[in-house]
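Hello,

Here is the structure we talked about handing over. Please open it and keep it beside you while you read.

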Amino acid sequence: MDSINVNNLVIIYSLGNTEMKISNIQLQQLEKDGFLILPGIFSAQEVETIKARLPSLFAEKSEANIIERNSGVVRTSMGLHLRDDLFADLVRHPRLIEPAEQILNEPFYIQQVKVNVKAAFSGEIWQWHTDFATHNNEDGVPQPKAINLHILLDDVNEFNGPLFFVPGSHKAGAHSATLDEQTTSYPLWVTDIERVRDVITRSSIVSAKGKPGTVLIFHDTLIHGSPNNMSPWDRTIFSLIVNPVSNAYTAPTRPDHKHHYDTTPIQPVSDDCLRRYMNQSVVHSL
Ligand SMILES: O=C(O)CCC(=O)C(=O)O
């Protein structure tokens, strides 16, 4: 079996199959820090192809488009794999799904799909939180086993609202949290501030910056957040949350676009699945 290292992922050639794997060192790093930052996973052309779908999705009158409280522009656009055929492929992309298989080691379903836009000058904060606080309190997800996979669709720098991660904070399990329905238009279970202070004092903060095409992977109990975008540059990020079928919701309170009810296990599609959308005018076929 031959293998080569491309863009931080190991591509293993075996009996004519191509597999995308993260290395054991990266798996250990994820276990230790609670997150991975993987530059160069999607090409500039792939990112442009993904971004080309967004204006028409954002223009739709849909409750899955959540609008910023102050500026009135889209803050987050959800359920995209059910609204657009490119996103139906992207949520099954092997460069996301094969690392998720390695991490989870059991069948998993698509829990949430969104693009978070943090528009230039107006994009608002995501408070300090863990994803598990919302998954557990709103959906009855029993254990913090879900993982969040992001693709940076813009250049994310220190000025346009990068995610902040607290390394190692996932190890403490569930953190005390309170539902915040006031700060932004997106109700969020936010980590209690004394807890955040305590954890950061013992750890640090890492700013998840990177070029378009960078992938972030992080655990359900990792404390994270992101500041307002005061810069003249948009910050757009795709997010896919996957959860083991054995750990599915038990008491959902949220609409399907916030936690998908279909627990069919995800199967990866082919690595070149985005190619057919390149240079294509956008036609929604779903
Ligand atoms: O887009 C952001 O800045 C925050 C996203 C986030 O917190 C999440 O996906 O859980």
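Mean pLDDT for the protein is 93. Of its residues, 91% reach 70 or more. One stretch to watch is residues 13–17, where pLDDT stays under 50. The model has five contacts beyond four places in sequence for that stretch. Where pLDDT is low, the predicted coordinates should not be read in detail.

Now the overall fold. The protein has seven helices and 16 strands. The C-alpha atoms fill a box of roughly 55 × 40 × 40 Å along the principal axes. Buried residues account for 43% of the 286. Take the contacts between residues at least 6 apart in sequence: 83% of them join residues at least 24 apart.

Next, helix H5, which covers residues 94–104. Its buried residues are Pro94, Arg95, Leu96, Ile97, Pro99 and Ile103. Just after H5 comes asparagine 105, with a positive phi of about 60°.

Last, the ligand. Which residues surround it? They are Asn116, Trp126, Asp131, Asn148, Leu163, His224, Ser226, Ile237 and Ser239. By type, the shell has three nonpolar, five polar and one charged. Strand E15 (224–226) supplies at least two of the shell residues, and so does strand E16 (235–244).

Best wishes

Terms used. Residues numbered from 1 in each chain as written. Predicted model: local features only at pLDDT ≥ 70, side-chain atom pairs only at ≥ 80, totals over all residues. Near = placed C-beta within 6 Å. Helix = DSSP H or I, 4+ residues; strand = E, 2+ residues; numbered from the N terminus. Nonpolar A, V, L, I, M, F, W, Y, C, P; charged D, E, K, R; others polar. pLDDT = per-residue confidence, 0-100. Contact = placed C-beta atoms within 7 Å. Buried ≥ 20, exposed ≤ 12 C-beta atoms within 10 Å, placed from the backbone.
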